[in-house]
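Colleague: Could you walk me through this fold? I'd like to ask about a few strands and helices.

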Amino acid sequence: MRSTSDQASRRGVTARGASASCPRDETEEAPVSDRFEVDVAVVGGGLAGLVAAVAAARRGMSVVLCDTRAVGGRARSDRRNGFVLNQGPRALFRGGVGTSVLSRLGVSFSGSPPSRAASGYSETTGEMTRLPVSAGSLLRSRALGAIDKMRLASLLSTLSRHQRAGLDSVSAAEWIASLGLSSRGSAVVSALTRVATYAGDLERISADAAVSQVQLALRGVIYLDGGWQSLVDGLVAVATSCRVTLLEGERATALHTRADGFLEVRTPARAVQAASVVLAVGSPGAARALLPRPPAWDLGPPGTAACLDLGLRRVPAVRVAYGLDEPLYLATHSPAAELAPRGRAVVHVLRYGARSSRDDEAQLWALARRCGISEGDVVVERFLHEMPVCHALPRPGSGFGGRPAVDATGTVGVFLAGDWVGPVGLLADASLASGEAAGIAAAAHASGRRALAGATLWR
């Protein structure tokens, strides 16, 4: 890797080398004060970008990662008055592909499972009843009649072996309707599915994605000690040890292909010339804006949420509540995980599918009060309106298989990573899986460029 300047703010390895220049072509914009020449450039420093950078660097590639803000993206956590607040309720699926990716990259984490005692909440009646989330709680629940209990018990006992073939063609709502449950039973399964998928409208997400997520949820989740910032910090530590250069506060403005087959990422301050580029920029729209020839991806709708994050003086009476007639959810993440001072609590209240800020905040506070939380309990409060939870849900008609592959950019040497990319996983699992796949693919392409050049490119 070579660079002509060391003046920008960086984390990780500092670029080395004597002065060098990149050949200019007709696409080049205004002159810049700093140039990098690397094997792989990663644009975007969320979970997907960090994983892509580490995956490429561990295969011997020189890597630069740039991000508009501090790295971490939506996985960053905030510390306020001793409380750690994630950006909404976040849980790591124990059996998900994400845990395998983190293990392969050497990122450790700790945490605890949530409370198994969950309540079902009806906003229409104000009723709060014990919700069946396992075979044991199903027997004790008064939320369902005998027939629904029998049918749901059969579903829970076979769901881990449930075949997803053909479910990509129907919606999650259609799958639930096919189960033969009463309206109350369907409401319970819908509530569990919304929490597992973060999708407010189950008509807009494919059944294969929904069933996959419910299967994972039944295997268990954990709330992370120190919040999801612990994963960001772990990935940054590994990236630093692999000599990845992190350029924070630098927005990529353009991606050019060059006549010599290389690529160039431009920021206001510098040009990064690379053999491969990974776009982990968040949304499909942001990726299209950078690609020289934007592909015509056929994607599902984004998923959003409104979230009330609370740091409380005490643990609430109801720790977990699922909305039965509204896409609502309340979860106490601490004291299960280490996120709050002793005796205090971190609670997230969520509406899947954001509407108006005023209506959503009022609705979330109504659920919080019903669970025993008063304004006097609050030490820290934050409301996040229209928070993105997934940039493109797998849509009925194509499911996971309809999402673009990591190399579906229309530009040789450019790869994608994000929660809307690849045939594996949903939410953070998709980001971690596609990040690793994109990093490996980018490294392989850069290695091929080296072999073609008969040299080690910049080194």
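Colleague: Which residue of β19 stands opposite Thr332?

Modeller: Val347 in β19 stands opposite Thr332. Strand β18 (residues 328-334) and strand β19 (residues 345-352) run antiparallel and are joined by 6 bridges. Strands here are DSSP runs of E with at least two residues, helices are runs of H or I with at least four, and both are numbered from the N terminus. Two strands pair if DSSP finds at least two bridges between them.

Colleague: Before we go on, what am I looking at?

Modeller: This is a predicted model, where local features need pLDDT of at least 70, side-chain atom pairs count only at pLDDT 80 or more, and totals for chains, interfaces and linings use all residues. Residues are numbered from 1 along each chain as its sequence is written, and side-chain values use heavy atoms, with hydrogens and water left out.

Colleague: OK. What is the strand order in the open sheet of 7 strands?

Modeller: The order is β10-β9-β17-β18-β19-β16-β20, with mixed pairing. β10 (128-130) and β20 (378-390) are the edge strands, each pairing on one side only.

Colleague: Which strands of that sheet does helix α6 touch?

Modeller: Helix α6 (residues 183-197) touches β10, β17 (320-323), β18 and β19; contact means heavy atoms within 4.5 Å.

Colleague: Switching to helices: at what angle do α2 and α11 cross?

Modeller: Helix α2 (residues 97-105) and helix α11 (residues 428-453) cross at roughly 45 degrees, and their axes come within 8 Å. Axes are lines fitted to C-alpha atoms, for helices over the stretch in contact, with angles from 0 to 180 degrees between N-to-C directions.

Colleague: Which residues make the contact?

Modeller: Val97, Gly98, Val101, Leu102 and Arg104 of α2 meet Asp429, Leu432, Ala433 and Glu436 of α11.

Colleague: Last one: how many salt bridges are there?

Modeller: The count is 16, taking a side-chain nitrogen of Lys or Arg within 4 Å of a carboxyl oxygen of Asp or Glu. One of them joins Arg74 and Asp419, with the closest N and O atoms 2.8 Å apart. These two residues are 345 residues apart and link distant parts of the chain.
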